[in-house]
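Open your viewer and switch to the cartoon view. We will go from stop to stop, selecting a few residues each time.

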Amino acid sequence: VVARDRSVSSGINAEYGAAGLVGGAGVVPSKSYGENIAVFEPGARHTWMEMKGMYVANPAAMVLSSAFMLKHLQLHEAGDLLIKAVKNVINRREVQTRDLGGSSTTPEMTRAFLNELDTLYKNQ
């Protein structure tokens, strides 16, 4: 939570304001619930439209949003494993997209998440 005086609050973008605290917009998932609907998506969108087709986007937010969806569907174990896989890959710092200081591509980071998920699943 970021609390600011109204006179300076216009300098904080509500959607992206805290993204830097967790590593950037590429790692911020979101979940929204309505009366008859649940939406799971990256928390920050349109952060760098110029990267379209360059395969440099960080897939973590989308993958974590998918984990939230699994948990919403009562597939808690699968969702927890997916979250752990993402955290392990990011914390290991071997495969990182540019927003995290690395040079890995979107497919490389996605593959790292899947490989870690496979390892975690096999070692349960």
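Start with β1 and β2, which form a hairpin with four residues between them. This is a predicted model. Select residues 29-33 for β1 and 38-42 for β2. The two strands run antiparallel and pair over five bridges. Now pick K31. Which residue of β2 is its bridge partner? It is F40.

Next, select helix α2, residues 60-72. How far apart should its ends be? At 1.5 Å a residue, its 13 residues should span 18 Å.

A60, A61, V63, L64, S65, A67 and F68 are buried here. An α-helix has 3.6 residues a turn, so residues three or four places apart point the same way.

Step past the end of α2 to Q74. Its phi is positive, near 70°.

Now for the core. Select A60, V86, I90 and F113. The largest nonpolar core has 16 residues, and these four touch the most other members. Helices α2, α3 and α4 each supply at least two residues of this core. In soluble globular proteins, nonpolar side chains tend to be buried together.

Last stop: zoom in on I90. Leaving out residues up to four places away in sequence, I90 touches V27, A60, Q96, L100 and M109. A60 brings you back to α2, where it is one of the buried residues.

Notes:
Residues are numbered from 1 along each chain as its sequence is written. This is a predicted model: local features need pLDDT of at least 70, side-chain atom pairs count only at pLDDT 80 or more; totals for chains, interfaces and linings use all residues. Side-chain values use heavy atoms; hydrogens and water are left out. The expected span of a helix is 1.5 Å times one less than its number of residues. Buried means under 20% relative accessible area, exposed over 50%, partly exposed in between (1.4 Å probe, protein chains only). Contact means heavy atoms within 4.5 Å. Two strands pair if DSSP finds at least two bridges between them. A nonpolar core is a set of buried Ala, Val, Leu, Ile, Met, Phe, Trp, Tyr and Cys residues joined through side-chain atoms within 4.5 Å.
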